Structure formats: C-alpha cells, structure tokens
Amino acid sequence: MVTNEVEQTATPLTALVGREADLRRMDAFLGGLTTVGSTLLVSGEPGVGKTALLDAAASRAAGRGVSVLHATGAQFEARTSFSGLQQLLHPVIGEAQGLSPVHRPALLVALGDGSGPAPAPDAVARALRALLARLTREHPLVLIVDDLPWLDASSALVLGFAARRLIGTKAGLLCALRPGADSFFDRSGLPEHLLQPLSDQAADTLLADRYPALAPRIRKRLMAQAQGNPLALLELPVSLGDSSRTAQGLPEQLPMSSRLQAAFAARVRGLPAVTRYILLLAALEGTGDLQVLEAVVAGRCSLKQLGPAERAQLIRIDDRTGHLTFRHPLTRSAVVELSTSDQRRGAHLALARPLADQPERRAWHLGQATVTPDAGIAALLEHAARSMSRRGDGSIAIASLLRAADLTPDAAERARRLAEAAYVGAQVTGDLHDVPRLLDDARRTAPGPGPLVAAVASSAYLLNGSGDIDTAHRLLGAAVALQREPYDAHDPTLTEALHTWLLVCFFGGRPQLWRPLDAALGRFTADTGILAVTRATFADPARCTPDDLARLDTAIAELTYESDPVHIVRVGIAAAYVDRLADCGEALLRVAEAGRKGEAIAPAIDALFLLGLHYLHTGQRESLNRVVHEGLALCQDHGFAMPSWPGQFLLATHAAIQGNSGVACALADDMDRWAGPRQAGAVHAYAAHVRALAALGRGDFEEAFRQATAVAPAGAFPEFARHALWLLLDITEAAVRTGRPAQARAHVAAAREAGLGAISPRLQMLLLAAAGLTAETRASAWFEQALAVPGIERWPFDRARVLLYYGEHLRRAKATTAARRHLSAAADAFQQLRALPWAKRAVQELRAAGGRHGNSSTPGSAVPLTPQQWEIAKLAAAGLTNKEIGARLFLSSRTVSTHLYQLFPKLGVTSRAALRDALDQLHRG
C-alpha cells in the first residue's frame with residue numbers, strides 16, 4: 001500500500017507567495033492523473049523555489065487522494081547505480097514481488113533486493129511501468145523527484161524511459177531540475193514548466209511577511225540584490241544583525257553568492273555540536289538513509305538530536321521512508337565546508353563500518369578516511385574502480401584509482417594504478433589529454449620497465465591519438481612477452497592487452513602483425529571468451545567456423561543485461577563483418593547514449609560507427625548521417641584520430657552509392673594521405689573500397705577492378721583480408737565487365753570454398769548473385785536462389801543490385817516481361833535509397849527492355865517519402881506495431897508514430913488498413 005509521505009514535512013502553502021499560477025499548473029497536472037498518466041518537469045534557477053513547489057504539489061496530491069512516492073537526487077550518491085530508484089520505490093518494494101517473472105527479477109536486482117547480473121536500464125524501466133500499472137489499479141500515484149540532475153545515471157535513464165510510457169497507468173512523474181544542468185535523464189519532448197523569479201510585488205510581500213522588522217529601504221536593496229530569487233530573499237537577511245536590519249544599511253557591495261553561502265553557514269554554526277556532527281555524516285553519506293546513520297551513531301548519540309536542524313528547516317526527515325534530505329544543496333555544502341579535515345576523515349571512517357555489504361561505497365569512505373599509505377584500502381578502491389569502469393562510470397573509476405595510488409605504499413604498485421587510470425582515460429572516458437601526464441607520473445614513481453597496464457595505456461593512447469601503429473605493436477608485444485607462462489585467461493590486464501593488440505593489428509592491416517598476437521593467444525590456459533571470438537569473426541571472418549558464429553550469437557544474446565560499455569562494443573566489433581549488428585543495436589544505443597551524457601566517450605564513438613555501419617547496410621540514410629556525424633564530433637572534441645576513419649569510410653561509402661563520386665574520392669584521398677606514413681592498412685582498404693564502389697556506379701569497371709583487387713586479388717580470400725567479404729560482388733562484377741571471366745569464376749569458387757554463404761544471409765545472397773553473374777548456363781536459377789534467401793529485405797542496396805543483374809540477364813535472354821519486372825523493382829529501390837547512378841543504370845536497362853519508368857511508378861518521386869518512411873510504411877502494412885517497427889529500425893515508438901502521421905496524407909490514406917493497397921498501387925504504377 002502506497003502512503004502519502006508528505007503530510008508532516010510539506011512546506012506550508014502560505015510560504016508560496018506569488019506562486020498562484022504555478023499552483024494552478026500543479027493542480028492541472030494532478031487532475032489529469034485520474035484519467036491518464038503524464039510527466040511534468042519543473043525547471044528553474046537555483047533557489048527559485050522548485051522544492052517548495054514540489055512539496056506543495058505533494059500536499060495537494062494528498063488532498064486529492066493521490067498517493068505519493070518521493071526521492072531527491074544526491075550529489076554524493078550519484079556514483080551508485082539505481083540509488084535514486086531505490087529511494088523512490090523503497091516504500092513499495094513489497095509490491096514488486098507480485099510482478100510477472102518477466103519484470104520481477106530486473107526490478108528486484110535494481111532495488112538491491114535480488115541477485116543476478118546488473119539489469120539494463122530499459123529492462124528496469126519496463127518493470128517499473130508494470131509496477132506502476134499495478135500500484136494505480138485503485139488510486140492514482142505521483143512520483144516526485146527533486147534535484148533530478150544529481151540522480152545517479154541508472155535511475156535517470158530508467159525514469160527518462162518511463163516518463164514517455166505513463167499513458168494508461170494513472171501515474172505521474174513530477175521532477176525538478178535546473179535549466180541547462182547535465183543529466184542522464186532524457187528530457188527532450190517532455191512538458192516543462194519554467195518556474196520564474198518572483199515579481200517585485202511578490203518579493204516585497206514575502207520579505208515583509210517573513211522579516212517585518214526590516215526597514216523599507218533595506219528591504220528594497222535586498223529585493224534588488226535577490227532579483228526575485230526566493231531563497232536569496234529568505235536567506236540573505238539571516239546573515240544580518242538586528243541593528244543592520246533596522247537602522248544600518250546593507251554594505252555597498254553585496255555579492256549574492258557569498259552572502260547566500262554565509263547565510264547557510266551561519267545557520268549551521270548555530271546548531272549544537274552533536275547536531276552538526278550528525279549532519280556531517282548525512283552530508284558525506286549522500287543517500288540520507290537513516291538506518292546507516294543510526295548504525296554509525298549508535299552508542300554515541302541519537303538521531304533525535306537532529307531536532308534543532310529540523311526546527312531550523314535545514315533538513316527534512318521522513319519517518320515513513322526512513323530518509324533524511326537537506327532542504328537545499330547549499331546546506332549540505334555548508335555543513336561540509338564548516339568541518340575540519342580531521343572531522344571529515346572521522347566521519348568517513350564511521351560511515352564505512354556499516355557498509356560491509358556495499359563494497360564500493362565502503363571503499364570510497366575508507367579511502368577518504370585514510371591519510372597514510374594503506375595497501376589494503378588501496379586494493380579495495382582498485383576493485384571498486386574496476387566495477388565502476390565496467391558500468392561505464394569511468395570518471396569515478398579514475399578518481400578511485402588515483403586515490404588508490406595515493407594510498408599505495410609500494411612504488412611499483414602505485415605506478416601500476418596510475419597507469420590503469422591512464423588506461424581508463426584512453427579506453428573509456430576519452431580523456432586522451434590526461435593520459436601522458438598520468439603515464440609520466442607512473443614512470444617517475446617507478447623508473448625502469450613499466451607494468452603491463454602502462455604498455456596497454458600507452459598503446460591505446462598511440463592508437464586512438466596519433467595512430468602510431470608500429471610503436472603500439474612493439475610496446476604490447478614486448479610487455480606481453482614478459483608475462484609468466486602459461487597465460488591466465490582471468491587476468492583482466494592481460495586480456496585488455498590482447499584486446500588492444502587486436503585492434504592495433506586490425507588497423508595495421510598487415511598479416512605479419514597478427515603472428516605475435518596469435519602466438520600469445522596460444523599461450524592461454526583457458527578460453528578467452530569474446531577475445532577468441534573476435535579474433536575469429538573480426539580478424540579473419542573468411543575462416544571463422546560455425547562454432548565461432550554460435551559463440552558470437554550467444555554473446556550477442558547476453559547483451560540484454562550487459563552494462564559494461566567496453567564489452568558491448570567488443571561484441572559489436574565481433575559482429576560487424578558477419579552481419580549480426582542488427583541484434584546488437586539496442587545495446588549499442590545504450591553505449592551511444594552514455595557518450596551523449598559525457599561518460600564512456602571512447603566506447604560511444606565505436607558504438608556510433610557500428611550503428612552507422614548497420615544503417616548503411618540497411619538503407620537508413622538519415623540515421624546513418626546522424627550517428628556518424630555525432631561520432632565524428634566526439635572524435636574531434638576528444639582528439640581521436642584513428643577511430644574517426646571508420647566514420648569517414650561510412651560517409652564516403654554512402655557518397656559513392658549516391659553518385660557523389662567527387663566527395664567519395666576526396667575522402668578516400670584523405671584516408672590514403674593519413675594512412676600512408678602510419679602503414680594503416682585498414683584505412684587503405686577503406687579508401688580502395690570507396691573508390692571501387694564509386695567506379696562501379698559511374699560504369700568505370702576497369703578502375704573498379706583495380707581498386708577492389710588492391711584489397712584482395714580475384715580468386716582468393718587471403719588471411720586477415722576481412723574487407724574482401726564486403727567486396728565479393730564488386731570484384732566479381734568488375735571482372736565480368738572487363739573481360740576477365742576466368743578470374744570472376746575463380747573468385748566465386750574461392751568464396752564458395754571459404755564457406756562465405758554460411759556466415760550470413762547477406763553473404764549467401766551475394767555469393768549466389770556472383771554465381772549468377774559468372775554462370776555460362778542456368779544463370780537465372782542462381783539469381784532466383786539469391787532473391788529467395790530469407791530476410792534479404794534488410795539489405796536493400798545489395799538486394800537491388802541483385803535485381804538489376806538478374807534483370808540485365810533476362811533482357812539479354814529476351815525474357816523482356818520478367819526483365820521489366822525486376823528492373824523496375826531495382827530502379828524503385830535505388831531511387832528510394834537515392835543511389836542515383838544505380839537508378840539511372842536500372843532505368844536505362846528497363847527502357848532497353850521496352851519498359852518505362854516515369855514518375856507514376858517511382859516511389860519517392862510521385863510520393864515524396866524518405867527511405868525511412870517507406871520502410872516504416874512497408875512494416876506497418878505488414879501488420880507490425882509501432883513498438884515492433886521501432887525495435888526493427890532502432891527508433892522510438894513515438895518517432896514511428898510521428899512518421900506514420902506524416903506519411904498517411906502523402907499516400908492518401910487514413911488508416912493502416914489502407915497502407916498495403918496504397919503501396920501496391922504505387923508499385924504497379
């Protein structure tokens with residue numbers, strides 16, 4: 001049973017002077033909960049009265065029979081995953097037991113009442129919605145969250161997801177935040193109420209009511225300084241003596257920020273010493289958990305001695321939820337600043353004692369409590385840092401590692417932890433500029449051969465920054481060779497070294513670079529997990545086995561509850577060349593979103609480009625441009641040079657497909673110029689691929705053959721030439737068009753021998769189409785088989801090429817009716833993709849077959865829909881729901897709904913039922 005929590009703690013409504021319009025907005029919001037759920041964000045500058053308005057809304061909710069759950073973001077707790085959600089849902093945790101097995105485990109684990117892997121925020125959000133539906137069967141419910149930007153990232157992501165899905169639950173979400181404050185909560189598109197400063201009349205009324213002894217002249221000066229800020233109006237007079245209030249004027253210069261801080265400090269100083277001690281514990285503890293505070297003070301004092309702070313309205317204590325909250329963050333800051341360093345250390349030490357079951361928080365408090373080197377505490381901090389890093393909390397992980405280094409007595413161990421902080425900066429947070437300084441500190445701490453992690457950090461820095469492949473390769477090879485054999489697959493530093501080394505070899509693109517890495521992999525005593533899978537499916541996919549692919553599929557399936565952004569990206573990398581990125585999309589989007597919030601920058605860059613590759617292959621032009629430019633902006637902002645080239649490759653490839661040969665070749669020239677001095681073979685392969693595709697589009701088949709075979713010769717799939725898989729059809733077509741049929745057939749035979757058709761449906765389609773291009777007899781059968789491969793609609797450009805080649809073959813075979821059907825379909829598909837040179841070629845072939853391709857039969861000409869809208873229309877016509885379409889295309893249900901709303905008038909329909917006929921009519925022309 002949810003109870004109303006605010007009856008004893010709400011700010012009296014008489015205190016909300018000048019807020020009549022704002023209270024009416026709260027009433028309207030609460031009134032809507034009886035019929036439909038909704039969200040409202042209350043924003044305003046610090047001190048403008050957001051908390052008071054939320055308290056008033058809570059009191060009004062109680063009067064309407066609306067249940068209330070309340071939480072407040074805490075700066076000191078922002079590092080603890082799901083702490084805000086735990087605070088919010090603590091009173092109703094018992095109700096979670098009644099959820100279905102689909103939702104119950106995720107929510108209970110997030111609330112700390114269950115065991116299992118860390119759930120993904122979207123899974124928790126779905127469970128939260130199910131819980132809200134359960135809680136609102138009889139009465140409406142409002143979730144009130146104050147100081148939203150200080151909420152931990154996991155809770156913010158969950159609430160941001162749930163905020164858009166409250167329709168039908170009779171639940172509301174009311175949050176307070178500051179304009180422009182960074183937060184993991186996605187506020188885009190949500191209704192927002194801006195709380196403005198008080199008018200002069202309201203400010204004068206407030207001061208006269210609360211401080212009637214103030215002289216009018218002084219009150220006017222305070223109003224000018226406060227500029228309608230209620231907190232300043234209420235707190236500035238506190239720092240003034242009685243005589244100043246009545247007879248003496250205020251100082252000529254009255255900086256508002258310092259006076260506000262002074263006001264808070266003065267109120268705290270007036271408290272008894274024991275009260276200030278408990279407040280210091282609460283400020284450093286961060287969550288306001290009264291059980292923790294009671295365990296800390298047991299035997300020394302009592303929480304009853306918080307009474308003076310409550311009477312001074314510095315804090316609120318909610319007996320029902322068992323939480324203490326500071327009425328304003330400045331109160332918390334003042335408490336901490338007024339304490340001595342010795343008092344803070346003692347408080348941290350006391351707080352660590354009852355947190356044995358929360359090792360990360362305990363380690364942090366112990367680290368802050370210690371001044372002398374302590375190897376045990378340093379080890380705890382390092383362990384906590386690794387857990388934080390796996391969750392993507394890179395900045396907090398670095399802070400913990402640096403504190404661990406400070407407390408490490410052994411110089412070599414201290415150097416190792418400094419180097420690990422550098423590695424987290426290079427591989428997670430993207431703080432490349434700090435990496436050299438941290439590595440220099442490590443070298444000065446322990447001169448001589450550095451630890452393995454230093455080599456890993458240095459190599460990651462060289463790879464991501466300047467792109468010095470050979471130096472990075474030598475550093476890793478030398479450092480790994482020094483490790484004791486046989487290698488331990490559970491050694492995290494060693495496996496990180498091999499993952500980094502693998503990427504160095506990939507970008508180097510030279511077979512000889514892989515030999516030392518393979519030798520090192522052979523020295524492990526056990527399976528290395530995703531490292532071994534990546535070596536098979538990413539480094540040399542032409543030689544991966546069915547077992548490798550099965551293991552990859554298992555790893556992809558496990559991404560649902562994965563929180564480590566680095567691991568998610570590594571699985572995505574392993575999936576890239578074997579066409580399994582679609583199944584990684586949801587997890588990659590989580591990593592990209594973390595990057596938008598300023599965490600896990602390096603994984604976010606990779607995630608954005610992996611998503612871009614998926615969008616390129618699936619014809620989602622708008623999404624491709626969005627994620628690639630976002631990734632390139634992150635690369636530029638953080639100094640990532642080498643990782644930017646996959647993004648440039650995607651843009652260049654898309655330009656080549658669309659016929660922008662000049663743009664494509666200019667980008668390819670940039671790739672070659674950059675890759676040349678670094679011997680970055682992968683980037684050279686990118687450039688050759690782009691030029692080959694551009695040449696095919698403009699009909700220069702000799703140039704296409706020359707460029708494509710620069711990656712891999714016709715008739716062979718050499719070791720580590722993974723890019724050759726993407727050029728299978730390009731090499732075959734170019735060989736056929738340039739009078740090299742023997743080489744074309746040899747290439748098809750090599751692809752068949754390598755088993756490329758078993759890797760993915762896309763490669764199976766390309767192999768069958770290549771066989772059709774080279775067949776002396778029964779070519780139609782090969783093309784028919786290619787077009788019959790299940791699921792090939794996911795790759796519209798490749799499928800359109802097969803339709804084109806089949807149509808060309810049928811026209812030459814005098815089967816003009818069938819040729820026109822396939823060539824028309826190819827032209828339609830190419831035009832939807834804006835692949836203009838390919839569309840032109842299809843139209844020319846169609847005319848040669850006696851057909852016409854006017855506006856009436858050209859989707860996208862008669863009906864100006866984007867390729868994404870066409871895809872949404874087709875899926876909706878097939879009966880998929882908005883949610884299912886969104887999952888297929890990596891869009892939100894709201895975005896899908898918006899597209900359908902826009903395309904219905906263009907197609908002349910008013911319902912989904914009419915979509916299929918409208919699309920069929922367009923294709924029939």
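Visitor: Which residues does Val-504 touch, not counting residues up to four places away in sequence?
Guide: Contact here means heavy atoms within 4.5 Å. Leaving out residues up to four places away in sequence, Val-504 touches Leu-463, Ile-469, Ala-472, His-473 and Leu-476.

Visitor: What sort of model is this, and from what number do the residues start?
Guide: It's a predicted model, where local features need pLDDT of at least 70, side-chain atom pairs count only at pLDDT 80 or more, and totals for chains, interfaces and linings use all residues. Side-chain values use heavy atoms, with hydrogens and water left out, and along each chain, as its sequence is written, residues are numbered from 1.

Visitor: Is Val-504 buried or exposed, and what is its relative accessible area?
Guide: Val-504 sits in helix 24 (residues 492-508); helices (H or I, at least four residues) and strands (E, at least two) are DSSP runs, numbered from the N terminus. Buried means under 20% relative accessible area, exposed over 50%, and partly exposed in between, with a 1.4 Å probe and protein chains only. Val-504 is therefore buried, since its relative accessible area is 0%.

Visitor: Which two residues are joined by a cis peptide bond, and what is omega?
Guide: Pro-486 is in the loop between helix 23 (469-481) and helix 24. The cis bond joins Glu-485 and Pro-486, with omega at about -5 degrees.

Visitor: Where is Asp-147 found, and what is its phi?
Guide: Asp-147 is in the loop between strand 3 (141-146) and helix 6 (153-163). At 17% relative accessibility, it counts as buried. Asp-147 isn't a glycine, yet its phi is positive, near 50 degrees.

Visitor: Is Lys-170 buried or partly exposed, and at what relative accessibility?
Guide: Lys-170 is in the loop between helix 6 and strand 4 (171-177). Though not a glycine, Lys-170 has a positive phi of about 60 degrees. Lys-170 counts as partly exposed because its relative accessibility is 32%.

Visitor: Which buried residues does helix 27 have, and how wide an arc do they cover?
Guide: Helix 27 (residues 546-557) has twelve residues and reaches 16 Å from first C-alpha to last, close to the 16 Å expected at 1.5 Å a residue (the expected span is 1.5 Å times one less than the number of residues). Its buried residues are Asp-548, Leu-549, Leu-552, Ala-555 and Ile-556. They lie on the same side of helix 27, because their arc around the axis, taken from the directions from the axis to the C-beta atoms, is only 120 degrees.

Visitor: How many residues of helix 38 are buried?
Guide: Helix 38 has 14 residues. Its buried residues pack against helix 30 (601-617), helix 36 (728-737), helix 37 (741-754), helix 39 and helix 40 (796-812). Helix 38 is largely enclosed by the rest of the structure, because the buried count out of 14 is twelve.

Visitor: Are helix 38 and helix 39 roughly parallel or antiparallel to each other?
Guide: Their axes come within 8 Å and cross at roughly 165 degrees; axes are lines fitted to C-alpha atoms, for helices over the stretch in contact, and angles run from 0 to 180 degrees between N-to-C directions. Angles under 35 degrees count as roughly parallel, over 145 as roughly antiparallel, 65 to 115 as roughly perpendicular and the rest as oblique. Helix 38 and helix 39 are therefore roughly antiparallel.
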